[in-house]
Structure formats: structure tokens, C-alpha cells
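Here is a short tour of one protein chain, written for someone who likes to know how each value was defined. Have the viewer open and follow along.

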Amino acid sequence: MIFSYRTIKSPSEGIHKEKGSKFLGFAFPVESEEEVKQKISELKKKYFDARHHCYAYVLGADKTRFRAVDDGEPNHSAGDPILGQLRSKELTNVLIVVVRYFGGVKLGVGGLIAAYKAAAESTLNNAGIIGKEILRSYTIWYPYISSPDVMKLVKEFELEIQSQSFASECKMEIEISLRREKNFEDKVQLLNALGIIIAIKEIPLS
């Protein structure tokens, strides 16, 4: 089971120049194809006069959703080198777009591969790479009298409280690291066995 993944903390930029051509690199943290489309659309509007807007992305903790696009460059000369940089750094939930301004000198397939790789590498070198835990969401129900025990759970398992309400029956929405999920469920069962009533419902990962 995958418990965590590597991604970038915030957007970053880079640049590579080769024989008059300029390769402007842009990296974004993303979580969906919709975000990918939005970022690419924004760059195409901003750099409308550029000849190529090549890109690659990887999505999901298991890295099974990915795409590489050459945008008019020779096949596999742009998108694949960009994707290769994401894979070499074991990153996911990241989009890299390299915008090329043609400088008048053809670089050849080998030259293009090297240039797009260098632009993507430069962009990622300027990004803050971080590790992220995969979280699971739960809803907790409990009588008000059990509040101290629930708050002990929150502290012990470093639960992220998303929302909570207090009444005769209290409700709390939380997130917990996937690697601590089993121990958390076992602890709730133990508390129930001791007469402390706490009900939990797992919200499946999307």
C-alpha cells in the first residue's frame, strides 16, 4: 500500500537557451486533469506568440495517470523528456509546461530532447520538493460525555479536524494519515470495548 508521495510545494519557473531558441519552463502542483487544462490554457493565452507549448504531467499517488504532449515538435522530442524529469525525481501531482520561442536555428531531434530536458530540469530545480502523506477521511459520532476521550484520539493520532458540532450527540469530520489508519481503528474498537461509545465511518478515497 502507498502511504505517501513526492510532489512540489508551489509553482516554479525555469529557462534554458539554445542557439537562439528560448525554452521557458513552468511547473505547477495539480490534482486533476481539469487543473492541468486550466493551467495550460492560461499559459497559451499569456504566451500566445510562442510556437510550442509542450507539457507532461503525472497524477495520483500510484502515478498511473500521466501524459506527454509534443505540441507540434517531432514525436517524443518534447513531452517525453519533460515526463522523464518528473519520473527521475519520482514526482506526482505535477504539471510541467515548456514554452518554446524559436530562434531561427533548427536543433534536430537530439537537440530538442536535450533542450526540453534541460528546461524541465531547471524548472524542477527551482521548485520545493516535499513529501505528502495520503489521508483518509472519517466521520466520528460520540456522546458529549465522551469528548475528552475523542480529543485524546485527536492528539494521539494527530487527526486533522475538518469540522465539528456539539449537541447531545457530537459529530466530527477528521482526516488521518493512511499509515496510521489501522491503529486508529483498533484504538476506537478498544475504547468501545471499555464502554466508551465512539462510532466512526470511513469515507472512501476518491
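Which residues of the largest nonpolar core touch the most other members?

## The largest core

They are Ile82, Leu86, Ile96 and Tyr116, out of 22 residues in that core. A nonpolar core here is a set of buried Ala, Val, Leu, Ile, Met, Phe, Trp, Tyr and Cys residues joined through side-chain atoms within 4.5 Å. Buried means under 20% relative accessible area, exposed over 50%, and partly exposed in between, with a 1.4 Å probe and protein chains only. The model is predicted: local features need pLDDT of at least 70 and side-chain atom pairs count only at pLDDT 80 or more, while totals for chains, interfaces and linings use all residues. Residues are numbered from 1 along each chain as its sequence is written, and side-chain values use heavy atoms, with hydrogens and water left out.

At least two residues of this core come from each of β3 (21-29), β4 (52-59), α2 (79-88), β6 (94-101) and α3 (108-125). The largest share, six residues, is supplied by α3. Helices (H or I, at least four residues) and strands (E, at least two) are DSSP runs, numbered from the N terminus.

Leaving out residues up to four places away in sequence, Leu86 touches Ala56, Tyr57, Val58, Leu91, Val94, Ile96 and Leu124; contact means heavy atoms within 4.5 Å.

## The chain as a whole

The chain has five helices and 11 strands. Its radius of gyration, taken over C-alpha atoms, is 23 Å, well over the 17 Å that the globule rule gives for 206 residues, so the chain is more spread out than a compact globule. That rule is 2.2 Å times the number of residues to the power 0.38. The C-alpha trace spans about 75 × 30 × 25 Å along its principal axes.

Of the 206 residues, 41% are buried. Among contacts with a separation of 6 or more, 70% are between residues 24 or more positions apart.

Is Ser77 buried or exposed? Ser77 counts as buried because its relative accessibility is 0%. Beyond residues up to four places away in sequence, Ser77 touches Asp70, Val109, Leu112, Ile113 and Tyr116.

Asp71 sits in this loop too, and its phi is near 45°, a positive value in a residue other than glycine. With a relative accessible area of 28%, Asp71 is partly exposed. His76 is also placed in the loop; its phi is positive as well, about 70°, although His76 is not a glycine. At 53% relative accessible area, His76 is exposed.

## Ser21 in strand β3

Ser21 belongs to strand β3 and is buried, at 1% relative accessibility. Not counting residues up to four places away in sequence, Ser21 touches His16, Arg100, Tyr101, Phe102 and Gly103. Ser21 and Val105 are 84 residues apart in sequence, yet 7.6 Å apart in space, C-alpha to C-alpha.
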